[in-house]
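Here's a quick briefing to read alongside the structure. Have a look at the chains first, then come back for the rundown.

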Amino acid sequence: MNPTESLLQQAARWHAIASGRNLSVDESASLDHWLAQNPRHRLAYADICAAAFALEQSPAAAAQPVARPAARSAARTFLRWSLAAAPLLVLALVVAGPRVVPTWQNLNSDLYTEIGKPQQRTLSDGSVLQLDTDSAVRVSMRDDRRDIELVRGRLSIAVAKDPARPLHVTSGGVDAMAVGTRFVVDRSDSGTGVGVHEGIVRVAAGKGEPVELSAGQHAFVASGADQASLGRRANLEEGWTGGVLSVEQVPLAEVLAELDRYLPERIILSNDAEAARPITASLPLDDPAAALHVLAQTAQLKLRHIPRVAYIMR
Amino acid sequence: MSATPDRSTPDAAADSIADLYASCYSELVAYLRRLCGDAGLAEDLAQEAGMRLISQSRREAIAKPRAFLFHVATNLARDQLRRRMVSDSYAIDSDYDDAGGHAPGADHIASVQEDVARVSAALNTLTPRARDVLVLARIHGHTQKEIADQLKLQPKTVENHLTRALAQLGAALTGRRRQ
């Protein structure tokens with residue numbers, strides 16, 4: 001017999017036993033024991049669970065004639081939910097991309113920060129690295145160059161002058177090179193942003209022509225793109241290194257995306273008509289929950305906390 | 001405009017999906033903790049699944065939002081379990097590509113729909129008796145004892161039918177993933 005099948009059978013047996021009743025304390029403990037024996041047990045059990053949830057959603061299963069009329073009407077539940085949800089063609093706006101569970105990234109990095117806990121570190125060459133909330137870097141110092149790889153999140157670096165070994169910050173396919181300067185690199189799923197506070201930074205993306213940024217300039221490279229586009233957004237980039245987010249006429253969605261980085265909660269804006277509303281405010285990043293509360297009040301929107309999600313609606 | 005609550009307004013419906021998520025949350029976390037054996041990961045996955053439920057509910061009607069939520073969470077957990085198995089055996093993670101899994105960051109909404117299609121098709125491969133037992137137990141929520149009385153079977157026979165049916169659906173679900 002195929003061993004994979006036999007694992008599926010064992011997992012299915014557990015699922016069948018738990019069907020329609022709660023497991024006893026002993027049964028519960030032996031299921032946990034079986035799951036802990038081998039990661040393959042967990043995966044097989046998860047496969048069976050997925051199949052069972054898929055079955056619950058299957059219209060074909062609901063339509064099966066059975067020996068006795070159903071005690072509970074699945075059709076009624078369906079109707080209630082479709083009535084509730086049908087008129088909604090508006091997209092809910094998730095203000096930031098999915099958060100990858102970063103355990104392995106942390107293990108493979110030299111320095112990382114948790115959500116809401118930025119850190120500052122002086123590197124061996126004298127450069128001062130500020131690592132923002134939920135970020136990770138790998139650092140390598142060699143005789144001819146210095147490399148900082150931004151694995152995720154955002155950093156600001158004041159580069160110690162050393163013309164003999166330029167400092168490169170890499171993020172995906174983007175390489176920002178400086179000799180002595182102060183700049184910010186911001187990595188997200190959508191791409192990498194580079195903003196320069198002092199000096200000059202050369203930004204290269206893939207095989208594209210490098211661009212030179214001077215103080216006050218900002219470039220954004222979309223994921224997988226070969227070309228940096230120059231633009232604004234410096235507004236949001238200044239604040240975090242000082243612990244305050246000061247915005248002037250910045251769209252609500254951008255401000256929320258910024259706060260989202262500091263909160264263990266994720267933020268969802270239910271009505272994307274509000275996304276573009278311009279916000280002018282000064283928000284404390286060391287207390288992001290209070291900042292969110294103030295922001296919702298400023299925008300006259302309702303803030304609802306559900307488990308680990310902050311839901312903003314009218 | 002009006003002070004009367006109206007269930008058809010977007011934010012009232014948003015509220016009701018939020019209610020569903022909030023009321024399921026602790027059960028979902030407990031389920032994921034058992035599945036993954038990791039309390040922190042369980043909370044992260046529950047949160048991610050909740051985000052996807054809320055986003056998806058604004059795109060289209062979700063017939064079974066609770067099953068959808070648990071299903072998305074389960075598929076996120078399956079991704080994590082596969083990653084963990086790979087990184088345990090090779091101590092690398094970056095180029096993880098198992099013909100079997102959804103790629104990390106894959107479209108979990110599409111994967112839920114694909115799972116539902118596969119399971120629906122697999123129903124026809126079950127014996128009529130196994131299908132009856134399965135549907136009574138999982139769609140109509142009857143206990144094994146009720147089913148045994150109803151179909152005049154031994155309780156152990158009901159459990160066996162259910163086990164075989166679930167294993168067969170599980171195999172249909174993972175068919176593309178393992179040889």
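Predicted model: local features only at pLDDT ≥ 70, side-chain atom pairs only at ≥ 80, totals over all residues.

**Chain B fold**
- Of the 179 residues in chain B, 56% are buried.
- Take the contacts in chain B between residues at least 6 apart in sequence: 62% of them join residues at least 24 apart.

**Helix H4 of chain B**
- H4(B) covers residues 108-122, which is 15 residues.
- From first C-alpha to last, H4(B) reaches 21 Å, close to the 21 Å expected at 1.5 Å a residue.
- Buried residues in H4(B) include His108(B), Ile109(B), Asp115(B) and Val119(B).

**Where A meets B**
- Chain A puts 78 residues into the contact, and chain B puts in 86 residues.
- Together the two chains bury about 7,500 Å², with 62% of it on carbon and sulfur atoms.
- There are 8 salt bridges between chain A and chain B.
- In one salt bridge, the side chains of Arg304(A) and Asp15(B) meet at 2.7 Å, N to O.
- Polar contacts between chain A and chain B come to 22 residue pairs, both residues at pLDDT 80 or more.
- On the side of chain A that touches chain B, elements supplying at least two residues each include helices H1, H2 and H3 and strands S16, S18 and S19 of chain A.
- H3(A) gives the largest share of that side, 17 residues.

Methods:
Residues numbered from 1 in each chain as written. Chains lettered and ligands numbered in written order. Heavy atoms only, no water. Helix = DSSP H or I, 4+ residues; strand = E, 2+ residues; numbered from the N terminus. Expected span 1.5 Å × (residues − 1). Buried < 20%, exposed > 50% of the residue type's maximum accessible area, 1.4 Å probe, protein only. Contact = heavy atoms within 4.5 Å. Buried area = accessible area lost by both parts, 1.4 Å probe. Salt bridge = Lys/Arg side-chain N within 4 Å of Asp/Glu carboxyl O. Polar contact = N/O pair within 3.5 Å; in protein donor to acceptor, adjacent residues only side chain to side chain.
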